[in-house]
Every structure is written in structure tokens, then in C-alpha cells.
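Student: I am new to this structure. Please take me through one part of it closely.

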Amino acid sequence: NMLRFGLWLRDRELPLAAIVTGEVNPSSELFAARERFHCLFQGVRDKRNAIAAICDDHALSGSEIACVFDDINDLSMAERCGVRILVRRPASILLRDRLVQSRACDYVTASSCGDYAVRESAEMLLGLLGLFDDVVDARRANDERYRAYFSARQTIALGTRNLARQGADSGVR
């Protein structure tokens, strides 16, 4: 939410937010609906198809997308994105080393899966964009900018998409 707010402050439009997961996961669906994400792709075997659909549907290029990912099955998706953030997994030492050495990720979180790695990623991006202080101050004050953003965010309805008809090997929702 805070990264989306920061981008809204900068661009005066709501940034696209999506979840792409290989599982059909009720918690992802609840989270995406609660946070008013634009898209939820579940049960995706080849995540490149989700990135292609996002780009096609929203007139984006992969270079405009930031991807937070954590495992091998995400690599084909991450390589198509402009910012690639690998979530640290203590059990994936060799994978992490390989991705860092080959420059297949731009940042590795200090936090592990389940330990607020997405929050860390959002704060890091806001800091790099020079937006962190404005976002914190506006949110703390619940000022008119945050209220306008939140009101606009609440109008988003979670999108549904089935990539199976486009040659994907699994359905997407």
C-alpha cells in the first residue's frame, strides 16, 4: 500500500498491482481483494505468460515492472522485469549466489520469506525514489493526499484472467 501510495504521489495515477503465483491460494485471493490489486494470477506454471498478459492488458513494457520473487519457478518471470528483487531464503544459498553472480536479481532482501520481505522491498524502493519521507508523513497525518489516493484505490476491482486459452499450461485467475 505504501509503495503504491508513493507512486501515486509521483505519477498522479494508480500503479498496477498484481500477484502471480503457481498455487491456487485462498490467502492470496483474500489479500489481493482486500488491498484492491488489479490482477491475481493463480495456478500459473509458466509465469512469463502472466507478465505478457499484464504488459498487453495495461500497455506496459517489462522494464516498467518491479518483481519480488523467491524461487526457481519465478525466474522466467523475473527476467522479463525491470527491477528484480529476490526474497532471501536461508535454504537457497546456491540459488541466491548464482542469481547475484549472474546479475539475475537487482537486490536480495535481508528479510526472509514470511518475515516482511515485501515490506522491506517497498521501503527500499520508496527510499531509492526519494519518496519515503513524504509517504510516511502523509500517511501518518492521514492528509488529503492519502485520503484521495485511498479513495481512488478502493475503486479497483480485482481482475480475472484465464491464460489457458492463450497456450499457457494452466489456468489463471
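Student: At what angle do the axes of helix 1 and helix 8 cross?

Tutor: First, the basis. This is a predicted model, where local features need pLDDT of at least 70, side-chain atom pairs count only at pLDDT 80 or more, and totals for chains, interfaces and linings use all residues. Residues are numbered from 1 along each chain as its sequence is written, and side-chain values use heavy atoms, without hydrogens and water.

Now the pair. Helix 1 covers residues 2–11 and helix 8 covers residues 144–153. Their axes cross at roughly 110 degrees and come within 10 Å. Axes here are lines fitted to C-alpha atoms over the stretch in contact, with angles from 0 to 180 degrees between N-to-C directions. Helices are DSSP runs of H or I, at least four residues; strands are runs of E, at least two.

Who touches whom? Helix 1 brings Met2, Arg4, Phe5, Trp8 and Leu9. Helix 8 brings Arg145, Tyr146, Ala148, Tyr149 and Arg153. Contact means heavy atoms within 4.5 Å. By class, the contact has seven nonpolar residues, three charged and no polar ones. Ala, Val, Leu, Ile, Met, Phe, Trp, Tyr, Cys and Pro count as nonpolar; Asp, Glu, Lys and Arg as charged; the others, Gly among them, as polar.

Step back to the chain. It has eight helices and five strands. From the N terminus, the order is α-β-α-β-α-β-α-β-α-β-α-α-α. The C-alpha atoms fill a box of roughly 45 × 35 × 30 Å along the principal axes. Of the 173 residues, 41% count as buried, meaning under 20% relative accessible area with a 1.4 Å probe, protein chains only.

Methods
Buried < 20%, exposed > 50% of the residue type's maximum accessible area, 1.4 Å probe, protein only.
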